[in-house]
Amino acid sequence: MRTAQLLAVLIGGALFGFGLAWSTMIQPEVVLDFLQFEDSGLLLVLGGAVLVTLCAYLLIPKLMNKPLLGKEFHKHPNTFSKNTIVGSALFGVGWGLAGVCPGPVFAGIGAGNWMLLISGAAMFLGAYAHGRYVSR
Amino acid sequence: MFEQFFPNGMLHYLAGGLLIGAGVSFIFLMTGLVSGTSTFFSSAWSYFSTLPFFRQKSFLESRQWRLAFALGLALGGFAFLLTLGNGQAASTGVQWWRLLAGGALAGFGARMAGGCTSGHGICGLSSLQLPSLAAVITFLTTAIITAHAVQLAGVLP
């Protein structure tokens, strides 16, 4: 992958991480408050992000034949299976227990929330266990 | 009339959300890539593990940009700390065992489901994919039940 593409991904990731920190999603307490019906802020975060991304995914491929630094716009179709539901159910239990998901782990560590290193390391181990599980 | 649902205000949530969308859109505009976060964990194992699952083509091909994306997320958090964050590091009082057990379950589950809150939530919903909508409804439901159950059990926080 070309350096320019990696740099673009790095910049986009940084915007994403800045947004996560600004919206306080890097504090597990805020996510837990949402899940416990005490603060609906997370809906605004998800809604705002989906609104912008929805427009981008719909409009950009209509306006351009290919991305500025790439060959094609990836469709990334998701397939539906039992794993979608079982995996999401497990993910939700973990999210409701810890109050963090993968994005806020990285953004939070960058913003000095060192305790999230625990969750990040655990997510790595969980992904490894998944690889072992499907290879059994 | 909405204030009661947002005791900590609304603007920073909305601004953060729009910026998150801008980040995902920027990556799509420049590279055409759909940037979920959780696949990073599996693709990163391809650097260390010889297990054939982790050596699959899609991980070997995407591990570089996924690493750049994860670094970018941390860099963005750091940039916030230096600017709007006034140098005040974020912190949490959530107990270590919750962060550990929850992280492991979230890591396993997200990989099994093929996406997390960013892949299914932001990217999947934005590309109007029904499997992602099913995933979001499922993990929101179990997360709400879990958080309430832990709260009812008297664990604070």
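User: Before we look at anything, what does "buried" mean here?
Analyst: A residue is called buried when its relative accessible area is under 20%, exposed when that value is over 50%, and partly exposed in between. Please keep in mind that this is a predicted model.

User: OK, so is A56(A) buried or exposed?
Analyst: A56(A) has a relative accessibility of 7%, and because that is under 20%, A56(A) counts as buried. As for its place in the fold, A56(A) belongs to helix α3 of chain A.

User: What does A56(A) touch?
Analyst: If we leave aside the neighbours within four places in sequence, A56(A) is in contact with P61(A) in chain A, and with S25(B) and F28(B) in chain B.

User: And how far is A56(A) from G41(A)?
Analyst: Going along the sequence, A56(A) and G41(A) are 15 residues apart, and in space their C-alpha atoms are 23 Å apart.

User: What about L63(A), which helix is that in?
Analyst: L63(A) is in helix α3 of chain A, which covers residues 41-63. Its relative accessible area is 70%, so L63(A) is classed as exposed. L63(A) also takes part in a nonpolar surface patch of about 440 Å², together with L58(A), L59(A) and L128(B).

User: Switching to rings: how many aromatic pairs are there?
Analyst: Over all chains, the structure holds 22 aromatic pairs. One of them is formed by Y128(A) and W45(B), whose ring centres are 4.7 Å apart and whose planes make an angle of 50°, an arrangement described as tilted.

User: Why does that pair join two chains?
Analyst: The pair joins two chains because Y128(A) lies in helix α6 of chain A, residues 116-135, while W45(B) lies in helix α2 of chain B, residues 39-45. The two partners can also be described by their cover: Y128(A) is partly exposed at 24% relative accessible area, whereas W45(B) is buried at 18%.

User: How are the rings of F53(B) and F59(B) arranged?
Analyst: Their centres are 5.6 Å apart and their planes stand at 80°, so F53(B) and F59(B) form an edge-to-face pair. F59(B) is itself buried, with a relative accessible area of 4%.

User: Which residues do the ring pairs link into a cluster?
Analyst: From chain A, the cluster takes in F106(A), F124(A) and Y128(A), and from chain B, it takes in F40(B), F41(B), W45(B), Y47(B), F48(B), F53(B), F54(B) and F59(B).

User: Which residue lies over the face of Y47(B)?
Analyst: That is R63(B), at 4.1 Å from the ring centre of Y47(B). In chain A, R136(A) lies over the face of Y133(A), at 4.2 Å from the ring centre.

User: And T39(B), where is it found?
Analyst: T39(B) is found in helix α2 of chain B, and with a relative accessible area of 16% it is buried. Not counting residues up to four places away in sequence, T39(B) touches F59(B), R66(B) and R111(B).

User: Last topic, chain B as a whole: how many helices and strands?
Analyst: Chain B has six helices and zero strands, and its C-alpha trace spans about 50 × 35 × 35 Å along its principal axes. Of its 157 residues, 55% count as buried.

Methods:
Residues numbered from 1 in each chain as written. Chains lettered and ligands numbered in written order. Predicted model: local features only at pLDDT ≥ 70, side-chain atom pairs only at ≥ 80, totals over all residues. Heavy atoms only, no water. Patch = residues over 30% accessible without salt bridge, like charges linked within 9 Å, V, L, I, M, F, W, Y side chains within 5 Å. Areas by Shrake-Rupley, 256 points an atom, 1.4 Å probe, with all protein chains shown as cover. Salt bridge = Lys/Arg side-chain N within 4 Å of Asp/Glu carboxyl O. Helix = DSSP H or I, 4+ residues; strand = E, 2+ residues; numbered from the N terminus. Buried < 20%, exposed > 50% of the residue type's maximum accessible area, 1.4 Å probe, protein only. Contact = heavy atoms within 4.5 Å. Phe/Tyr/Trp six-rings, centres within 6.5 Å; stacked < 30°, edge-to-face > 60°. Lys NZ or Arg CZ within 6 Å of the ring centre and 35° of its normal.
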